[in-house]
Amino acid sequence: MALSEMNGDGSEQEEGGCQEPDVIARGNILESFAESQEVRALINSLQGVYGDLGTREVTIEKFIVIMDKYQEQPHLLDSHLEWMMHLLLDIVQDNRSPSSLVHLAFKFFYIITKVRGYKIFLRLFPHEVADLQPVLDMIAVQNPKDYETWETRYMLLLWLSMTCLIPFDLARLDGNILSEEGCTRMPIMDRILNVAKSYLVVSDKARDAAAVLVSRFIIRPDVKQKRMADFLDWALSTLSNSSFQTMEGTVVMDGMLQALVNTVDTIKDSPSKLMRLWCFVPQCVLRMAYAVFQDQLGRHKLKQKIANKCSFLYRYQRGCRSLAANLQFSAQVPVVQNLVIAAADEEEYDIPGEVENVIEQLLIGLKDKDTIVRWSAAKGIGRITGRLPKELADDVVGSLLDCFSFQETDNSWHGGCLALAELGRRGLLLPSRITDVVPVILKALTYDEKRGACSVGSNVRDAACYVCWAFARAYDPLELKPFVNQISSALVIAAVFDRDINCRRAASGTFPHGIDIVTAADYFAVGNRVNCFLNISMYIASFPEYTQSMIDHLVNMKINHWDGVIRELSTKALHNLAPQIPEYMTNVVLPRLLPLAVGTDLHTRHGAILACAEITHALYKLAAENNRGLGGELMRPAVCTLIEKLSLSKMPFREDPIIDGWQWLINDSLRSLPLVSSTARQQIKVHSWVPLCNYIFLGELLQQYISELQNTEEMIRCGFSLALGALPRFLLKGKLQQVLEGLKKVICISHKDVSFAESRRDGLKATAKVCQTVGVKRNGPQDEFVCKDNVVQIYTMLLSGMSDYTTDSRGDVGAWVREAAMTSLMEVTLLLVQNDPELLDANICKQIMCCVAQQSAEKIDRFRAHAGSVFLSLLNFDNPPIPHIPHREELERIFPRSEAVTLNWNAPSQAFPRITQLLGLPAYQYYVLLGLTVSVGGLTETTVRYSAQSLFDYMKKIQNDLGAMNNFCETLLQVFEDNLLNDRVSVPLLKMLDQMLANGCFDIFTAEENHPFSLKLLTLCKEEIKKSKDIQKLRSSIAVFCGMIQFQGDMRKKVLFQLFLLLCHPFPVIRKTTASQVYEMLITYSDIVDPDILDEVMTVLSDTDWDAELPLVREKRNYLCDLMKVPKPQLVSKVEFGVLL
């Protein structure tokens, strides 16, 4: 809990600014090691797979997958560890085993050790006298720099750490240290130490195993007597001479510190130079190791006898923590269980002076920039304080409280909280000190310091919750009773109103009314911030103990928060809490907010005005003169919200001049939309306008709003378009035609406003809203109703949005327009069907369904899903059914009503197999094929794969149907011709043609010489790439030309002529691509070239440097033309390129 690491700004990753993922951890509950036979087979197969790299990797991965399943329940492996170890040791100890097999066996050893832990698994390794020399010999032949075999060295060092514990003097194993050659052999003791030293400075995991080896070997009596001093001198010298500024120095320092930590209990005198190393250890891992070292050094200095006596003198003991023992005591005479045991004697004790230096270093560690160092220092302070006498321990607590000065950083506050929790948990923080600690903890629970555009302090609040948790379990309730209300209120506030999810979850614990509150605010419920602010807070506020403190916290800490989302949620929470204590809100909160609404801080002004608006709406009270301080992006939405709430509250301003001020404010805000962000625009646009219009008649504003629709600022058009769409019917009466004409100018694309996609989107939305507002009357006047005289005009406006494919730096912004057009078409169509179906003619219905079908076949998942939803809504609507839908029966067969809900249009694998079936319906074939073209020829892998596969499946069904093939190909050519030089369609179309040719979709036509389809296709391709400089288009056309070589007759000569033209293209990349594609084409279709010249043609294509100058390339190209009897292209002056072909 207290060690949670947040993002760099202390925030959570949330989608949409307020939604938080509710992550639920799921664990597997296993009963036994079910894969034992499979593991046995894998180990037995090692001798057969070690030589094959691929098979070896597969075997290792299988073993890892099996073992990783038992990471949470490793004890299930215990009964199987012995036979696994014996099987692997048989390989390792066999002198005939090749080195690669031995390394593989040690890799399996490491995988087992990683899951079960080396302390358990290592006990099973053989550790007799006879095993020591073989292990040393195996380590001696290892290469410390071989990064692929580090597992072998790691396991051998751990094995050696076991064998070196044999209960004999190692000198007895040396025997005659003179070798046969007369040279002196190195004693085993020195060999082991040299091995440990050499691996303490390596950069892999063997360094950790070497530290374990040192910790076990150095405590041997013979080693301690003969080699301890030299080893410590070497370690300290190496540590002093290493530099943290290099990677090698960091590795060496880490190894030395690990060795010193493990051997500190054997040090009699603390070396003074160790006390000064903290400032030279900047790396996190090294500082953590140093903190642990200082902890162990300090505890070593406090002799166990004195430590036990001192800790016994004053430790707070809550009493028996066993439920059974407590129940037994309850039936007997009551006993005092919560004691601070007094001193039995006043024997003097001597505390070494170095302990003070150790505690000082640990207090400095509490302020370290890394969490793990602060945590290690807090643990160390807890352990050492437990060995100090009461007076000195109290001094430590006093020094610890200095960490909570507001001059200290958040790191100091966090480390101090961790240390307090440790002291409390161990019973070292006596009840007399709780009065000093609780105010500090209450401040820590709300600690939030702004840093730039964000804040820090989430880890402090999290650690403060940890302190409360520790105190609740360490102290008797009677000790904490005076502070319960303060702590519980602070924890409830943190659980409900904290910005960060980990703090809310940490704070959700036990309080007064604990069962009820914990049930509503459990671990998962507080995971959603919006739910906490708006729902859980209302329930908790129903308990009087918390209501006022929650409101005060929102007013004092949250409405001025740096995060705008928190400010808005806080004001909505105040709206919900206002009915709990309305007198307090009226008499205290509102008077406190009003001065803040005209203050200097922008965040405070924004939050105060929103809070006033929400509270006023909840209480139906607020005077108009409190509206002060309009300005900036934050204030305009806030004041518009205030007007909205006042209008909804029916405040008595009907004849008041303030109404004119409100009207001016809304109009001015609509004109100021370009100055605010997109989030604020949505609040300004319509929020306050609709309630105000319904509240009071505002006069003749329609003409003014229509004139603003042609403003040169896009956002102003957006605002006034939606404002027109929100007008009530009585304002539109007699003006409908003017409104439609004004919106038509917004919707239509002109040269000067082609990039105004957002205004066209909002214009379409407004058109549908206006139609819904005025209603339908077949023979009614066109200025008042949707009728037979204007229905065609309305549909023409809406259908024009379906062809908007505008793109800019933001991407396909026209998709916003198309989405709005589909929604508006559906809304207007359903409106007409429900009121007067005869207004819909067959042509309009066909256009609607075909255009929506086209969108449902396109490449963007979100818009395809929206189109599919609209398509099925129109098809399945039956109140009454929409008339004139083409091929209704076939559509209902393709899209059964039972699958309308389950069909996922977002998934290409589900959408395209259905939508391609519409290719068989004549009315839809052109539009669906047009949509499929951009999907099959697109860039998204999944979309391309499933759309292409669905298209190929359809082509296979009609492959033998000549009539269907002719109709499809005519439609395909028509799509190509209609979109000639339209890169949005033509480039994907060329890619789609390449795939279709490669998949044999036109095999039925390839046997016929000079088929009209191939001739027309070649003509269109030539026209498309004429004078083109688009590399992507040219490359796609090359692939199509190569695919068209399969057509018989004169087509082949014409295709080759086009390819040879491209061999001399001014762009070298096109020349190289053409040569490569032609080479592959000749391999695939070798019958198009005489076998006698095939090798020569292939040699020219592959060996020619197509990046060379054009005259040289042209010579090779002409030679190919002569070989293959293709007319040589004539030299034509190309003005565009300034060269001759």
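I take buried to mean under 20% relative accessible area, exposed over 50%, and partly exposed in between, with a 1.4 Å probe and protein chains only. I number residues from 1 along each chain as its sequence is written. The model is predicted, so I keep local features only at pLDDT of at least 70 and side-chain atom pairs at pLDDT 80 or more, while totals for chains, interfaces and linings use all residues, and side-chain values rest on heavy atoms, with hydrogens and water left out.

**Whole chain**

I read helices (H or I, at least four residues) and strands (E, at least two) as DSSP runs, numbered from the N terminus. On that reading the protein chain holds 57 helices and six strands, and buried residues make up 53% of its 1141 residues. I count a contact where heavy atoms lie within 4.5 Å; among contacts between residues at least 6 apart in sequence, 71% join residues at least 24 apart.

**Helix α43**

I looked up which residues of α43 are buried, and found I844, C845, I848, M849, C850, C851, V852, A853, Q854 and Q855. Because 10 of the 14 residues of α43 are buried, this helix is largely enclosed by the rest of the structure. Its cover includes α41 (791-800), α42 (814-835), α44, α46 (908-915) and α47 (922-936). I then checked the length, taking the expected span as 1.5 Å times one less than the number of residues: α43 (residues 842-855) should span 20 Å, and its end C-alpha atoms are 20 Å apart, which agrees.

**Two helix pairs**

I use axes that are lines fitted to C-alpha atoms, for helices over the stretch in contact, with angles from 0 to 180 degrees between N-to-C directions. Angles under 35 degrees count as roughly parallel, over 145 as roughly antiparallel, 65 to 115 as roughly perpendicular and the rest as oblique. In sorting residues I count Ala, Val, Leu, Ile, Met, Phe, Trp, Tyr, Cys and Pro as nonpolar, Asp, Glu, Lys and Arg as charged, and the others, Gly among them, as polar.

Helix α4 (residues 81-92) packs on helix α5 (residues 99-116) at an angle of about 160°, with the axes 9 Å apart, and the two are therefore roughly antiparallel. Among the residues that meet are L81, M84 and M85 in α4 and L101, V102 and A105 in α5. The residues of this contact divide into 14 nonpolar, no polar and one charged.

Helix α48 (residues 941-957) and helix α50 (residues 983-998) have axes that come within 11 Å and cross at roughly 50°, which makes α48 oblique to α50. V944, A948, L951, F952 and M955 in α48 meet M992, Q995 and M996 in α50, and I sort the residues of this contact into seven nonpolar, one polar and no charged.

**Backbone details**

I noted a cis peptide bond joining N879 and P880, with omega about -5°; P880 is in the loop between α44 (861-876) and α45 (888-894). N1010, which is not a glycine, has a positive phi of about 55° and lies in the loop between α51 (1003-1006) and α52 (1012-1025). N1010 is partly exposed, with a relative accessible area of 27%. K1125, also not a glycine, has a positive phi of about 55°, and K1125 is exposed, with a relative accessible area of 65%.
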